[in-house]
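Dear colleague,

I am passing on a structure to you with this email, and my notes on it follow below.

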Amino acid sequence: SSSSSSSSSSVRTQQLTLSCADLDFGPMRNIAPDFALAHLVPWSNNMSDWDGENNVNDIWCGYFPMSYSTYWPNIAQFIYCSIYRTTGATIERSLYGISGVILAAANMHAMTLLFPFGAKGFLCVSDNGRTSTKSLFMVISHTTAGGWTVTRADRYDVAMWAFNHADEGGITARALFVDGRLDPNLQWFASEKEQLEVHHKYEELTAETCELGTITYDDPNYESYGELVCLLDVFVVFALLLLSRVPRSTVLFGLSWTITWMMNFMNPAIGVYHRLSETRTSWILTDYFVVETTTVLGCIIAVLTTLVPGGRLQNLRFMYKDAMALNYSISRVWVDASEYFIQGRSSAMRFQIETTIDSLDSRSSKSLENLEGAWWETFNLGRRGRKRILLDNFRVSSMNIRDMVRVVKDCVVSEDFKSSHGQFWKGMQVQIQDLIEQVSGLMWLCLRSCRDGTIDSTEVELLKSQTASAKNKQLSLVSAFHRVAPHISQDLSDQFTFVYALSFWARKMTDFAESLTDQAAEGKLYGRRQTFVETVRKTCSLEEICDQVHRNWALRNLCSVFSCFLIGYYCEGSIFNRYNGTMASTLALLMVNETSHKVEYEKSARRLVAVSMGKSLPFIIMSLLGAFPCGSKERTILQAAAVAAYVFVWTFTYYSSKMWSYVACLIGAFGISSVMQPCADGGTDEAFAVKYKEIGNVTIAILIQTFLHSMLSRHTPKQLLQSSFGELRRFLTCCFEAVFEGDLAAIESALGEAKGELSNAKHLAGECDPKLELYLGPEGPFNIDLCSSALSSCTLVLDELTMLLVAAKDWEPKKALLDENGGLRADAEGGDDETVEGDDENVEECTSSEILDLLRSCPSFGIVKNHVLQRLRVALGVVPRMLFGDAETAINSEWYEELCKVSGAVAPAGLQGAEFLYRELSSATSSFDIENSHLTDDVRVRLTVAVRCLENSARHLRKIEERCIKEASLE
């Protein structure tokens, strides 16, 4: 006992005499005889166990403490999970990932304050025929404030920590017993009485017996209520992370590290580690701080990697190019459309125009992605921040016409080039081409002015001059238009719609140019609310948290992850090892999508394959490398090459393969840390068995996730899609009824609701794809083609209604965009065109319903109303019955008979009462004053556009009817 005590005490003295040479790194061992000059050599597996705390001949050499070596692969894993295509996206992912680690670490620091030793304890074992809690080290202390405190330990460092921290709160006695004997160097008593009481206390404790297999905890509080508090803490942390609207990266890293650390915290064999001598800086050696440090280091490396010269991954580099591409596409739409109309015959050019218009949304989305990423590179500060704000405003203003150009596409496709067409374009050709050229030039000038983030006096003068020229061209267009088309004409309805949309675009761009000059005069820029601000707002928004879809997603993931945590904590035997967080941490990284309403069998299978390969491939690689001894040059070079090859193969597959992208991402993410593990024996049967158990745990975890997702999903995607079709039909009906009632506010409200429901229906339709089903039920495969066709037609109907709403409102000239907080200014219009689909940024402030009042005053408008509402009711009434019911029953129903009747009532492109309505409007407006400034204010043009939108809506609804009849004929 005495030798044990002196040996342990000498650790603190002899380790100070060992010093590392310049090239020494990692675990080292002194092989010199006692009292001889130290001779350090690298520790290897064929030596006895290395113990830098308790063995005087062992020492750790390196720039970082030993505790950092275990978590060093965390750097590579964090880099792999954070780095993305651009610098801004990488910064965003990295910072959100760091925040998740910090939240998990903060929770662990709080738990350590409650239970300083965690669940650290000892298993009751047999001792000479009886059960005992006897330990190698025991610290007994007494204070006036807290009374007796007993700490059992099987390691010297834990015992020393308890001894050094026993002098708080009026100490009267403390002593360290080593293997049943009092250490003479580690004892202190206020008097002889306290010494006798300590010995008596020790005899009582060693005489205690316990139930075999039970655990005696170092912290008596943990034995009372520690397990319950820890499980409650895990549940609450999981729930808060999942219910809050924090970014996905924060949730993933927060959950995974909480699982890892709490499982260790609740493991009696680990608990909370305390060093031999605690100092003010000892906190930097805790697992929590080490992980935080390696995470920050991984963040720095990931970001620096995207800044490598020649890489050109900064979002700032792409912003101007994206704006140029968007500008070019918009200009080409007007140039090509005018040329198509001027040539006076149908040609393949209409398909080119259609393709260009369809590409605008994707170009705008790409531009938005780079602009959002650029915020993380600039934080809207300095010249580059101003450049980002201006280019973002340019994108918003340019895309304010997106609904307009979709209607122009309809005009191009449906144009029949009647005799009146040639006369119209002969008198308007020059003015239209001049206006397009002038406004295109103004757009390019606005873009160049935004490029450097500063609008100087020269650019202001150029903008004013170009704006004045564009307005003059608009006046010329108005004059020519009234000469060529003095009255409303059905034959020229497509031409009227085109010139209205062209005038709308010209007016939008002149307003934007004026807003730039106004902002330059004020010296203040106005921009949209940014991603980070929106994230903080959503995180703290009770409305966002209580959203039903989000709550259901949080519940499904909470149940699956927490269930696997309980299994890993309690289960022992077979493929399970107690206190193993593999299952829960795997599901934390493989959460189901928030927008998913079904069990994703295909994705689950891919996950299983990917995680299994991510667990096994690195182990196989490390086993092959085991043929080379640790520390050899060959081993170092080959492992470095293996790491590089592993990362390259799966990263390249992730970015280049559409089918295997997700699988490659998971294989790389789950395996990167394993191929970077320090050299160790990895080819033993025991090591292979461990990996086999891990794969088994992952398989069970994914099966549990799949099962719980299925059980907690109250409705299938088909049921939700059927309900969505019903809501879409209701909102469209409300919208058309509001049109016929002349209620602009109701139109706008119903239109927004319909767009939101349409977006939801499109997403649900993708989940109903038969190829995603595990098996086909008795109802047969879902008709995804009919569904997609119907939803596409509904999209076009909504575009027509948006155009009608714009034409029905009087134009209010407004120049500014958004204020610096992202809200609309009092004198501003427009908004973020990438928000919810129901937000119509290009719909002007409602000030008049004159257009709808004129339409309602015409007798033929009632005929149009009845036909449109009947067509809408029948078309969107039959589709759900054919999609979700018995097709044969649907064919024999009254709905199908009415469908055939309505579809055969008029010509394919016709609308009952439209011809008479045009005549009545022409007669009613013949005495109206001529609008000489803007076609967007001309009543006759706006009336023609409104009626044409109703005609096009009826045509799109007829396409749904025709598709239903074709599908029925195949049954």
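Which residues form a nonpolar patch on the surface? This is a predicted model, in which local features need pLDDT of at least 70 and side-chain atom pairs count only at pLDDT 80 or more, while totals for chains, interfaces and linings use all residues. Residues are numbered from 1 along each chain as its sequence is written, and side-chain values use heavy atoms, with hydrogens and water left out.

The patch consists of Leu232, Phe235, Val236 and Leu240, which together have about 370 Å² of accessible area (Shrake-Rupley method, 1.4 Å probe, with only the protein chains shown counting as cover for residues). Patch members have over 30% relative accessible area and no salt bridge, like charges being joined within 9 Å and nonpolar side chains (Val, Leu, Ile, Met, Phe, Trp, Tyr) within 5 Å; a salt bridge is a side-chain nitrogen of Lys or Arg within 4 Å of a carboxyl oxygen of Asp or Glu. Leu240 belongs to helix 7 (residues 220-243), helices being DSSP runs of H or I with at least four residues, numbered from the N terminus.

With a relative accessible area of 57%, Leu240 is exposed, whereas Glu377, at 13%, counts as buried (buried is under 20%, exposed over 50%, partly exposed in between, with a 1.4 Å probe and protein chains only).

Best regards

Key
Helices (H or I, at least four residues) and strands (E, at least two) are DSSP runs, numbered from the N terminus.
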